[in-house]
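Visitor: I am new to reading protein models and would like to go slowly. Could we look at this one together, one question at a time?

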Amino acid sequence: MYKQLSYIEEYDKVKKNKIVIFCSIIAAITIIIVVITGLLTYQLIMNFKANSTEVSGAKTIGVDQNNVTQTIDNTNSNEQPEERLAQAVLPEIEDTTSKNQTNNFPKHDFSIAMQSQLPQYSEEIAQKVVNVYYEKAKKVYLTFDDGPSKRTPEVLDILDRYGIKATFFVLGKNVANYPEITKRAYDSGHFIASHGYTHTYSQIYSSPQTVLDEYNQSVAAIQSAIGVPEYNPHLFRFPGGSAGGRYSSIKKEAIQLLKDNQITHTNWNCLTGDSAGNNTIEAMWNEVLSTAAGDDNLVILMHDAGDKEVTVQFLPQLIEYFQGQGYEFSNYYEIMTQ
Ligand SMILES: [Zn+2]
């Protein structure tokens, strides 16, 4: 009896062991299948990702995919594919779009903004310059001729203090001597226009062409000083005014030649007399009040030459007076950028 029982127990034990071994084998196979499936899936995903990146990259930039691949091969292979693509295509995008200015890169947005602020020329703008004296807007245009000079920074300080933008009709030869002051005036929002290069009447008025030549020379000096190669004010003020005097017939022909070259010109309708012997504040007041009478818009002629210290002393009084009379201050930039 005991022997028979023992045999049955032995039989059960062997049966149990067989079941455990079978279950273990099944579990091991399952684990192996799961691991292999996982590895295959991972590889498939990675392959798909790599292919889709290459295709979308080529479509976005619109260039030959071979070019992209070639450029990528020259870059650091440790970087991610997307980063390498970005580096590779940026120069392509810049080259293509710099011609038509239609991209969204900040560098070119800035360039477009700069261009939209540059002075423009059109028949309409030229007409507005001519009509600047006749508008009933109660505006004062402060204009300074013959600079820049060592005196100009004092003028700029005063204008800054009152938050006023003026117009500077500069001489090319002085711009060449004081490029930093010219740049400061430009960067502060003042309008930089041309008053020729030499201011020597016998030179600039030797022919209509020499007027245009001096305009171009002065603009080249301005471009270099302010660091804007495409800058052109399209605005000229004739030394001594655009009419009358010994050179009146040359001035008349020069006006047409300038117009043919998209350059308009302006004079003034209010004077301080600071270049005609007025060297006291009282004399300047008399001149301003007598010449301003009857006009709503005032283009006031002043000079920021080196010897005009009385003009600098007079300037704050002049500004405060017209502010008190309800005038607005403007400059030609407002007209030339419309
Ligand atoms: Zn002058």
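Visitor: Leaving aside its neighbours within four places in sequence, which residues is Y332 in contact with?
Guide: This is a predicted model, in which local features need pLDDT of at least 70 and side-chain atom pairs count only at pLDDT 80 or more, while totals for chains, interfaces and linings use all residues. Residues are numbered from 1 along each chain as its sequence is written. Two residues are in contact if their C-beta atoms, placed from the backbone, lie within 7 Å. Once neighbours within four places in sequence are set aside, the contacts of Y332 are Y141, T167, F191, A193 and L235.

Visitor: Which residues touch the most other members of the largest nonpolar core?
Guide: Such a core is a set of buried Ala, Val, Leu, Ile, Met, Phe, Trp, Tyr and Cys residues joined through C-beta atoms within 7 Å. Buried means that 20 or more other C-beta atoms lie within 10 Å of a residue's own, whereas 12 or fewer makes it exposed and a count in between partly exposed. The largest core has 53 residues, and those touching the most other members are Y141, I300 and Y332.

Visitor: And which element gives the most to this core?
Guide: Helices (H or I, at least four residues) and strands (E, at least two) are DSSP runs, numbered from the N terminus. With 6 residues, the element that gives the most to this core is α10.

Visitor: How is α10 placed relative to α11?
Guide: Axes here are lines fitted to C-alpha atoms, for helices over the stretch in contact, and their angles run from 0 to 180 degrees between N-to-C directions. The axes of α10 and α11 (residues 248-260) come within 8 Å and cross at roughly 55°. Angles under 35 degrees count as roughly parallel, over 145 as roughly antiparallel, 65 to 115 as roughly perpendicular and the rest as oblique, so the relation of α10 to α11 is oblique.

Visitor: What arc do the buried residues of α8 cover around the axis?
Guide: In α8 (residues 179-187), the buried residues are I181, T182 and A185. They lie on the same side of α8, because the directions from the helix axis to their C-beta atoms cover an arc of only 100°.

Visitor: Which residues are exposed on the other side of α8?
Guide: The buried residues of α8 pack against α6, β2, α7, β3 and α10. On the other side of α8, the exposed residues are E180 and D187.
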